[in-house]
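Let's take a walk through this protein together. Have a look at the sequence and the 3D picture first, and then we'll go through what you can find there.

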Amino acid sequence: MVQIIQNKVRKIGLKHSSLSGSFFSAKTNKEVQFESSLERDFIFLLEMDWIIESYHEQPITIYYSDSEGKQRSYTPDFLFYWHYRFASKGSKPLLVEIKYKEDLEKNSVIYQPKFKAAKEFCENNGYEFKVLTEEDIRTEYLENCKFLYRYKKNTFDHKHPDIQLILKTMCDLQSTTPRELIQVCARDKYKQMELIYYMWYMVSINIIRCIWEEPLTMDSAIWLDELYENSYPK
């Protein structure tokens, strides 16, 4: 596999036609730039999905010749690498282009040579290439990612008494709901309000698991990740 140097190869400037900006990544500990609200939403997925180890915007420029022999270039939007537990199953790093479906359909003649060049590059260098639209990105999973990101971007000492209280209670309960977990942890409503924040933090970093593809509420099913099941003796 050709190792792509993770330096941004194209600078993203301000645009008046679409939403551009930057997003602080807790996963990569740096600002990540985006050129549209759809790219920003995709970053939430990259940021929150545990099977994605790292990601980079504007990762490489691919050069190719068009039908008239002129030299052209194309820069995909993102590159991401899988977590080793997932990559060990044979999944290749993924180069991704983000486009609105309407834009894809309207400008397919322009985009097809670029995407063809990207696919050839990936086939020859050990990567995969995908084009994703709002239908792939804007799902219930995204809503949960946005909700939980506010908790993930904080860093807490996992020896904090409240985190340990929640962890111990989860070891006792094994599987439960957020509502029951908080009620078992404390009777005082003000203490419960404090614990809720730590509980969602633990969900955001996957100490506590849930079904991310379904609406996340105080009555959702939650359970401990297998790595933490024996943190406290039963």
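Helices (H or I, at least four residues) and strands (E, at least two) are DSSP runs, numbered from the N terminus. What you're looking at is a predicted model, where local features need pLDDT of at least 70 and side-chain atom pairs count only at pLDDT 80 or more, while totals for chains, interfaces and linings use all residues. Residues are numbered from 1 along each chain as its sequence is written, and side-chain values use heavy atoms, with hydrogens and water left out.

Start with the big picture. The protein has 9 helices and 11 strands, and its C-alpha trace spans about 75 × 40 × 25 Å along the principal axes. Of its 234 residues, 44% count as buried; that means under 20% relative accessible area, with exposed being over 50% and partly exposed in between (1.4 Å probe, protein chains only).

Now for the charges. Side chains of opposite charge can pair when their charged atoms come close. A salt bridge is a side-chain nitrogen of Lys or Arg within 4 Å of a carboxyl oxygen of Asp or Glu, and a search of the whole structure turns up 12 of them. Take Asp41 and Arg138, whose closest N and O atoms are 2.8 Å apart. This pair links distant parts of the chain, 97 residues apart: Asp41 sits in helix α1 (residues 37–48), and Arg138 in the loop between α5 (134–137) and α6 (140–152). Asp41 is buried, at 2% relative accessible area, whereas Arg138 is partly exposed at 37%. The two also belong to a network of salt bridges with Arg40 and Lys146.

Glu194 and Lys191 form a salt bridge at 3.4 Å, and both lie in helix α9 (residues 189–204), 3 residues apart, or about one turn of the helix. Lys99 and Glu97 meet at 2.5 Å, N to O, and both of them are buried.

Why does Glu213 count as exposed? Because its relative accessible area is 53%.

What about the cysteines? The structure holds 0 disulfides, a disulfide being a pair of cysteine sulfur atoms within 2.5 Å. For Cys210, the nearest cysteine sulfur, that of Cys145, is 9.6 Å away. Cys210 counts as buried at 9% relative accessibility, and Cys122 is buried as well, at 2%.
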